[in-house]
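Visitor: I would like to go through this model by question and answer. Can we keep it brisk?

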Amino acid sequence: MKKYHSILTIAGSDCSGGAGIQADIKTISALGGYAASAITAITVQNTCGVTDIHPVPASYVKAQIEAVMTDINPVAIKIGMINDVDIVSAIASCIKKYNPKFVVFDPVMVSTSGCKLIEDKAIDAIKNELIPLSTIITPNLSEAKVLTGDEIGNAESMVVAGKKILDYGCHSVLIKGGHLEGNDMCDVLCVKGEDTPYIYRADKITSNNTHGTGCTLSSAIATYLALGHTLQEAVKLAKDYVHKGISSGKDVCIGHGHGPLNHFHSPVPMHIFIENE
């Protein structure tokens, strides 16, 4: 039986098309995966910022996930913005029920413009219910600070924070250092049971078009895992994809604020594999 490598993204909708569910679908498709989606919230936003958020009822989020899992049964799930406790619980119950091979969780808490995207009481639910079910979580420096309470300003403090987050029960954590000072950017991957972290370095690209980079990176990791790459390979390939997307889109003007990266800088055909019936 011929099948596509399917990935389910569970995230909020960005009507401007640069982040959220729209960025996820673009990323998965550009890398040769088949994208299914479950929308957790409708946001009012554009390249200048987020002005409002309307959560989708938890029962509808759960129904969307179950509709996809019982029919398409994706090998990987990417989780993005979650706005309230009931949605956290709904997603966690579905993961436990359907047991996908990979769960990539991008704990979106604060927008680039500084708008808070999550209720305070949802943070504890995320720590207790979703992080322990995750193959990898991908917080930025601000989100890692929320999860650990620590100030994080260099690679050494990123490693410390990553190991603290591992104590919540996830298999691995990638702390994104895109907001570090200086031109030498690094991300730090800590894996449960491994003493030595993986450090991924890249030159900083000067660009106003970085809207949706976190959504894009986590979706790319989920796609590469679904395509059969190891965790370390998936992270490296995803980082390369995002870096090229920022580089190739840096001179394009979309909107009046922070525009998106170029998701389709080098698209590949949909991957097909043969599954024994």
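This is a predicted model: local features need pLDDT of at least 70, side-chain atom pairs count only at pLDDT 80 or more; totals for chains, interfaces and linings use all residues.

Visitor: How many cavities of 30 Å³ or more does a search of the whole structure find?
Guide: Rolling a probe the size of a water molecule over the atoms shows where empty space is left. For cavities of 30 Å³ or more, the whole-structure search returns one.

Visitor: Which charged residue lines the largest cavity?
Guide: About 30 Å³ of space lies in this cavity. Its lining has seven nonpolar residues, one polar and one charged. Gly80, Ile82, Phe105, Pro107, Val108, Met109, Ile118 and Ile126 are among the lining residues.

Visitor: Where is aspartate 106 found?
Guide: Strand β6 spans 102-105. Helix α4 spans 120-130. Aspartate 106 sits in the loop between β6 and α4.

Visitor: Is aspartate 106 buried or exposed?
Guide: Its relative accessible area is 2%. Buried means under 20%, so aspartate 106 is buried.

Visitor: Which side chain joins that of aspartate 106 in a polar contact of 3.2 Å?
Guide: Leaving aside neighbours within four places in sequence, aspartate 106 is in contact with Lys78, Ile79, Gly80, Thr138, Glu143, Lys176, Gly214, Cys215 and Ser218. The polar contact of 3.2 Å links its side chain to that of threonine 138.

Visitor: Cys215 is in that contact list. How many disulfides does a search of the whole structure find?
Guide: A disulfide is a covalent bond between the sulfur atoms of two cysteines. The cut-off for the sulfur pair is 2.5 Å. For cysteine 215, the nearest cysteine sulfur is that of cysteine 15, 13 Å away. Across the whole structure, the number of disulfides found is zero.

Visitor: Which cysteine has the sulfur nearest to that of cysteine 190?
Guide: Cysteine 190 is buried, with a relative accessible area of 3%. It is in no disulfide. The nearest cysteine sulfur is 9.5 Å away and belongs to cysteine 170.

Visitor: Is cysteine 215 buried or exposed?
Guide: Its relative accessible area is 15%. The cut-off for buried is under 20%, so cysteine 215 is buried.

Visitor: Which charged residues line the second largest pocket?
Guide: About 200 Å³ of space lies in this pocket. Its lining divides into seven nonpolar, three polar and two charged residues. Tyr4, His5, Ser6, Tyr34, Ile72, Asn73, Pro74, Val75, Ala226 and Phe273 are among them.

Conventions
Residues are numbered from 1 along each chain as its sequence is written. Side-chain values use heavy atoms; hydrogens and water are left out. On a 1 Å grid over the protein atoms alone, a cavity is a set of points where a 1.4 Å probe fits but cannot get out, and a pocket is an open set with protein on both sides within 12 Å along at least five of seven lines; lining residues have an atom within 4 Å of a point. Grid points are joined across faces, edges and corners, and a volume is the space filled by probe spheres set on the points. Ala, Val, Leu, Ile, Met, Phe, Trp, Tyr, Cys and Pro count as nonpolar, Asp, Glu, Lys and Arg as charged, and the others, Gly among them, as polar. Helices (H or I, at least four residues) and strands (E, at least two) are DSSP runs, numbered from the N terminus. Buried means under 20% relative accessible area, exposed over 50%, partly exposed in between (1.4 Å probe, protein chains only). A polar contact is a pair of N or O atoms within 3.5 Å; within protein, one must be able to donate a hydrogen and the other to accept it, and residues adjacent in sequence count only if both atoms are side-chain atoms. Contact means heavy atoms within 4.5 Å.
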